[in-house]
Amino acid sequence: MNTTNAFVRITSTDPLVFYVSALSDFLWDDFIRDARPSVRFVEEQYNVTELSRFGKELFDYLYNGGESSTVINLEEAEQYIQLRQTGQSPQAPKGYKPENLFWLTTFLQIAESPAWGQMRTYSIGDQFRAGNNAVNILNNLSTYLYDLITDDVIDFEYISQLTQELDQLREQFIEAKKEGDDAKAAKVRQKGKELGRKIEEELMNANQNIKHKVHESVEKASQETKETEESISALAGLEQGEGKSVDDVEEKRRLAKKLSQNKSLKKLIDRLGSLRSTWLARKRERQTRTNYSDIVGVQLSDNVAKAFPIEMALAATEQGRALFALKHHQKTLMCKDHEARVKELDKGPVIMYIDVSGSMEGESELWSKALACVVAEQCKAEKRDVAIHLFDSRITKSVHLKATDQGNKKLIDFVLGWRTGGGTSFYSVVYHALDRSSSIKNADILMITDGQSNLSDDIAKRLDSLKTSQGVQWNSFCIGERAEVLDLISDNVYTIDTDADPEVVDMFQDSIR
């Protein structure tokens, strides 16, 4: 049995449950072009266009909050279905087609799901959310239908044949009426009713088999949409908005497309979210536990609590008391300055050298990508340029992020294209820094590696001279085993555990001025 994947597409506008509005028709096709959801189906047995059309109608219903025109009255349809299930032969509602019973029943089952009401309210007037919810339900239904077909629970090939026969009888009925042959028309109509009942029986059985899965599909779609929204929020970064709408559909489309096409991005976002929340929490904690050891300067004041000991010593003698009182009155006591934080310093760029040798593949790679994003976001928030260089036996790839750059697209594209491989050479990093001596003034350099390499005393001296002349601070971070040779070039060498976010974050925050 052959299967194929195909992008959702509509080849017919004949409605299944709803008449799609002109606005929804435009918005849905526009959304599909960007999101490009893929549907798996069984070739020659399952017509994907029905599923696609159903998703389009769900979008209309979600986007309009239920204010959509239906092919038939849904209450009458529900009553008809209930009576047919008890073996009765009620009058079919106006506009009803037996072959659409499956989609009609499926929609009624969707509407009965506990998550449906909230999903509909959540989607009203929001193209992204309505489209994403419709697509998620669509794909989940596709998976369930595929399983039912492959397990021979639903014979869609047989149902398709019956539907074709019913269409032929409809044409014969119309032709007989045109010719004025009422007897033939009545005979064809009776055949059509019998065939319609047969189709209904097949579709009712199919719906009974999928009913519990329909509810699951809505629950699952609701959760998937929630995760996508959270992921998009995680990608938004730390920057303040500048007149840009939070509900910018174009931006959400782009991010949703990335999420749907790249599973590694979802993993990165989860790791990034954990590191980012820890980074911000530790940053707040540092501010609250600031004490008098954080002296960064001197200021003239009358604050006795912050006065230097030499000033307090004046008050210990009779001769000094008058001078102390005068200086206190004139607010000229030399006091510890706890307010002039490092923001007053002339800070240069933050430069990261990240090991991408073969041994970094896996969790170390994911962690370093997430950390690079967090550090870059924080530096941009503080108006500092950031450069990230990847190295193995050479510098393999680089990205330069200006403090004025808007959004994180450049950063995300860079880390998604990041691949591991090759050996490890610390020389490649040092020579790269030496070659760029004019552009690293007052820089904070962070080097991350899990490998071992050699460095000569001569190259270490050259780098030390550069650090002194340019005011560079260099900190190295070793994943797992400590590389002792890094002591030659680093102000500090840390051994880190990538699972210990609080400790790692403390180290990196200490390393950035």
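**Helix packing and salt bridges**

Student: At what angle do helix α4 and helix α6 pack?
Tutor: In this predicted model, local features need pLDDT of at least 70, side-chain atom pairs count only at pLDDT 80 or more, and totals for chains, interfaces and linings use all residues. Residues are numbered from 1 along each chain as its sequence is written, and side-chain values use heavy atoms, leaving out hydrogens and water. Helices are DSSP runs of H or I with at least four residues, numbered from the N terminus. The axes of α4 (residues 101-111) and α6 (residues 127-150) lie 13 Å apart, and the packing angle is about 120 degrees.

Student: Which residues in α6 meet α4?
Tutor: Contact means heavy atoms within 4.5 Å. On the α4 side are F102, W103, T106 and I110; in α6 they meet I137, L141 and L145.

Student: Which residue forms a salt bridge with R170?
Tutor: A salt bridge is a side-chain nitrogen of Lys or Arg within 4 Å of a carboxyl oxygen of Asp or Glu. R170 lies in helix α7 (residues 156-179) and its partner in the loop between α3 (74-85) and α4, so the pair ties together parts 71 residues apart in sequence. At 2.8 Å, N to O, the partner of R170 is E99.

Student: Is E311 buried or exposed?
Tutor: E311 in helix α11 (residues 309-314) pairs with K327 in helix α12 (residues 318-329), in a salt bridge of 2.9 Å, N to O. Buried means under 20% relative accessible area, exposed over 50%, and partly exposed in between (1.4 Å probe, protein chains only). K327 has 19% and is buried. At 2%, E311 counts as buried.

Conventions. Axes fitted to C-alpha atoms, helices over the stretch in contact; angles between N-to-C directions. Helix = DSSP H or I, 4+ residues; strand = E, 2+ residues; numbered from the N terminus.
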